[in-house]
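Trainee: I would like to go through this structure term by term.
Mentor: Go ahead, and ask for the criterion each time.

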Amino acid sequence: MIAVFYVSAAIAIAATALAITRTNAVHGLLYLTVSLLAVAVLFFVVGAPFVAALEVIVYAGAIMVLFIFAIMLLIPRRAESGPDPLARARRLAVPVCAVL
């Protein structure tokens, strides 16, 4: 178990360093999620499985998903050009949904 502790600690430190140094915000958040999961493994190894479960559920699960959603929502996309490839499907979706 001591080897798992040291490997998880190394992963947590490396992932946190990568989260800080990334210029892409989404990549930084994914590294932060890996770091939080590694910390949860650390909690589990030292004998705190409830805290490890809370770490995964609350931080890695809920808050990281919220951060990723906010970043995806706030980062502007480049303008799309050309005709809409789904125009026909969108016109067909309204009557299909009404029938369902």
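Trainee: In which helix does Ala 25 lie?
Mentor: Ala 25 lies in helix α2. Helices here are DSSP runs of H or I with at least four residues, strands are runs of E with at least two, and both are numbered from the N terminus. This is a predicted model, in which local features need pLDDT of at least 70, side-chain atom pairs count only at pLDDT 80 or more, and totals for chains, interfaces and linings use all residues. Residues are numbered from 1 along each chain as its sequence is written, and side-chain values use heavy atoms, with hydrogens and water left out.

Trainee: What makes Ala 25 partly exposed?
Mentor: Its relative accessible area is 37%. Buried means under 20%, exposed means over 50%, and partly exposed is in between, with a 1.4 Å probe and protein chains only. Ala 25 is therefore partly exposed.

Trainee: Why is Ser 35 called buried?
Mentor: Ser 35 has 6% relative accessibility, so it counts as buried. Ser 35 is also in helix α2, which covers residues 25–45. Not counting residues up to four places away in sequence, Ser 35 touches Ala 12, Ala 15 and Thr 16. A contact means heavy atoms within 4.5 Å.

Trainee: Is Leu 36 buried or exposed, and how do you know?
Mentor: Leu 36 has a relative accessible area of 16%, and therefore it is buried. Leu 36 is found in helix α2, and its C-alpha atom is separated by 7.4 Å from that of Val 56, 20 residues apart along the chain. Beyond four places in sequence, Leu 36 is in contact with Glu 55, Tyr 59, Ala 60 and Met 64.

Trainee: How many aromatic pairs does the structure hold?
Mentor: The structure holds 1 aromatic pair. Phe 5 and Tyr 6 form this pair, at 5.7 Å centre to centre with 80° between the planes, which is edge-to-face. Rings of Phe, Tyr and Trp (its six-membered ring) pair if their centres lie within 6.5 Å; planes under 30 degrees apart count as stacked, over 60 as edge-to-face and the rest as tilted.

Trainee: What makes Tyr 6 exposed?
Mentor: Tyr 6 has a relative accessible area of 55%, so it is exposed. Phe 5, at 26%, is partly exposed.

Trainee: What radius of gyration does the protein chain have?
Mentor: The protein chain has 21 Å, whereas a compact globule of 100 residues would have one near 13 Å. The radius is taken over C-alpha atoms, and the globule rule is 2.2 Å times the number of residues to the power 0.38.
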